[in-house]
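Here are some exercises to work through with the model open beside you. Try each task first, then read the solution step by step.

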Amino acid sequence: MINTLFPHKRYSFINETVLESLPEHVLELIEENKTVLNLKKGQVIFHEGTIPIGLYILKTGKVKKYTEGVNGKEHIFYLIKENEIFGYHSLLSKETYSHSAACLTDCSFDLIPKKVFYSIIENNQKILHRLLKSISHEFGVFINNSKILAQHSVRERTALSIIKLEQFFNDHCIKLSRRDLSNIVGTSIESLVRVLHDFKEEKVIDVKGSEITIKDMKKLIGITNFI
């Protein structure tokens, strides 16, 4: 139903995979040079302002990309799921990281050294084209979310965030801490909890601990004030 009622792709964390159907020689190069990393929920993968060391391929788990304000509050602007890559924006621009990344869950990664990454894209235009398409999608999501933060209420932003997250988790149940959800919505935990309580009373969602389930998608879409 979301495909017909809501223009979700402009706001979606779901991106086309860059890794699909890679040439055999590229897969062999990745396999020969990768370092396997296993990190626990909450651990930081890289910090804003540090120098990139390579490309990350997320094998299992989920990752948040965020920036921090002067008071330490996070703004989560993008999420990454299994079989997606990240960390390549700064490799392409040859700049320090413009944001931080941390594990939303226990995660396993393949780290590909930046020299190997540069070698792959220099010799494969198809992969470079996919990377540029992925960057363009993420930039569009960032711009649309910035507009939402400036022009929509906490109630509307919360509804939109729940829709995006339901699609991202893809199991009809959103499992996310109130702190992380508030940092996606762009509000305080207290304000978020009040809105979630209202949604539950209106029978739009069901809330059990840190889990949220959508009960009435059409009504939730209406709350976003996008239709």
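**Exercise 1.** Find Thr-187 and decide: is it buried or exposed?

*Solution.* Start with the surface. Thr-187 has a relative accessible area of 8%, so it is buried (buried means under 20% relative accessible area, exposed over 50%, partly exposed in between, with a 1.4 Å probe and protein chains only). Next, place Thr-187 in the chain: it sits in the loop between α7 and α8. Helices here are DSSP runs of H or I with at least four residues, strands are runs of E with at least two, and both are numbered from the N terminus. Last, look at what surrounds Thr-187. Setting aside neighbours within four places in sequence, it contacts Lys-73, Val-154, Arg-157, Ser-182 and Leu-192 (contact means heavy atoms within 4.5 Å).

Before you go on: this is a predicted model, where local features need pLDDT of at least 70 and side-chain atom pairs count only at pLDDT 80 or more, while totals for chains, interfaces and linings use all residues. Residues are numbered from 1 along each chain as its sequence is written, and side-chain values use heavy atoms, with hydrogens and water left out.

**Exercise 2.** Step back to helix α7 and work out why it is largely enclosed by the rest of the structure.

*Solution.* The helix covers residues 178–185, and seven of its eight residues are buried, so the rest of the structure largely encloses it. Those buried residues are Arg-178, Asp-180, Leu-181, Ser-182, Asn-183, Ile-184 and Val-185. Now move just past the end of α7, where Gly-186 takes a positive phi of about 90°.

**Exercise 3.** In the largest nonpolar core, which residues touch the most other members?

*Solution.* A nonpolar core is a set of buried Ala, Val, Leu, Ile, Met, Phe, Trp, Tyr and Cys residues joined through side-chain atoms within 4.5 Å. The largest one has 29 residues, and Ile-162 and Phe-199 touch the most other members. Several elements give two or more residues to this core, among them β5 (74–80), α6 (154–169), α7 and α8 (189–201). The biggest giver is α6, with six residues. Now zoom in on Phe-199: beyond residues up to four places away in sequence, its contacts include Arg-155, Ala-159, Ile-162, Val-204 and Leu-220.

**Exercise 4.** Which strands does β8 pair with?

*Solution.* First, find β8 at residues 107–113; six of its seven residues are buried. Two strands pair if DSSP finds at least two bridges between them. Strand β1 (residues 35–39) is joined to β8 by five bridges, and the two run antiparallel.

**Exercise 5.** What is the order of the strands in the open sheet of three strands, and which stand at the edges?

*Solution.* The order is β9-β11-β10, with antiparallel pairing. At the edges are β9 (174–175) and β10, each with a single partner strand, so one side of each has no neighbour in the sheet. Two bridges join β9 to β11, and Ile-174 has Ile-212 as its bridge partner.

**Exercise 6.** How many aromatic pairs does a search of the whole structure find?

*Solution.* The search gives eight. Rings of Phe, Tyr and Trp (its six-membered ring) pair if their centres lie within 6.5 Å; planes under 30 degrees apart count as stacked, over 60 as edge-to-face and the rest as tilted. Take Tyr-56 and Phe-109: their ring centres are 6.2 Å apart and their planes are at 75°, so this pair is edge-to-face. Tyr-56 is in β3 and Phe-109 in β8, 53 residues apart, and both are buried. Compare Phe-117 and Tyr-118: with centres 5.8 Å apart and planes at 55°, that pair is tilted.
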